[in-house]
Amino acid sequence: MVAELTRPVAVLHGEGEQLISLDYVEGLTMPTLWRGAVQILPGVGHAPHLEAPKAFAEMHTRFVADLG
């Protein structure tokens, strides 16, 4: 699905993600991937929005700002 997106997509991945492999996520075809890379949130796992809400919100704010 992400391979066919025409709008920017931000993919955030917790450094300690327990369920989804970073290698898998990075291997997906994502031509509109924000900043050209999966954004890693240090010190969090599968639910960064709950585990580090401030860092998550800051990343979200940067994404929205970059969209202009």
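Contact here means heavy atoms within 4.5 Å. Keep that in mind as you explore the views below, all drawn from a predicted model.

View 1. Gln-39 sits in strand 2. With a relative accessibility of 12%, Gln-39 is buried, because the cut-off for that word is under 20% relative accessible area. Leaving aside residues up to four places away in sequence, Gln-39 is in contact with Val-11, Leu-12, His-13, Trp-34 and Met-59.

**View 2. A nonpolar patch on the surface.** Here you can find Leu-19, Ile-20, Tyr-24 and Leu-28, which together form a nonpolar surface patch with about 410 Å² of accessible area. One member, Leu-28, lies in the loop that runs between helix 1 (22–26) and strand 2 (39–41). Leu-28 has a relative accessible area of 33%, so it counts as partly exposed.

**View 3. The protein as a setting for the close-ups.** Three helices and two strands make up the secondary structure, and along the sequence they follow the pattern β-α-β-α-α. The radius of gyration is 12 Å, close to the 11 Å that the globule rule gives for 68 residues, so the protein is as compact as a globular protein of that length. Along its principal axes, the C-alpha trace spans about 30 × 30 × 15 Å.

**View 4. Contacts, burial and surface.** Of contacts between residues at least 6 apart in sequence, 68% join residues at least 24 apart. Buried residues account for 29% of the 68 in the protein.

Key: Residues numbered from 1 in each chain as written. Predicted model: local features only at pLDDT ≥ 70, side-chain atom pairs only at ≥ 80, totals over all residues. Heavy atoms only, no water. Patch = residues over 30% accessible without salt bridge, like charges linked within 9 Å, V, L, I, M, F, W, Y side chains within 5 Å. Areas by Shrake-Rupley, 256 points an atom, 1.4 Å probe, with all protein chains shown as cover. Salt bridge = Lys/Arg side-chain N within 4 Å of Asp/Glu carboxyl O. Helix = DSSP H or I, 4+ residues; strand = E, 2+ residues; numbered from the N terminus. Buried < 20%, exposed > 50% of the residue type's maximum accessible area, 1.4 Å probe, protein only. Rg over C-alpha atoms; globule rule 2.2 N^0.38 Å.
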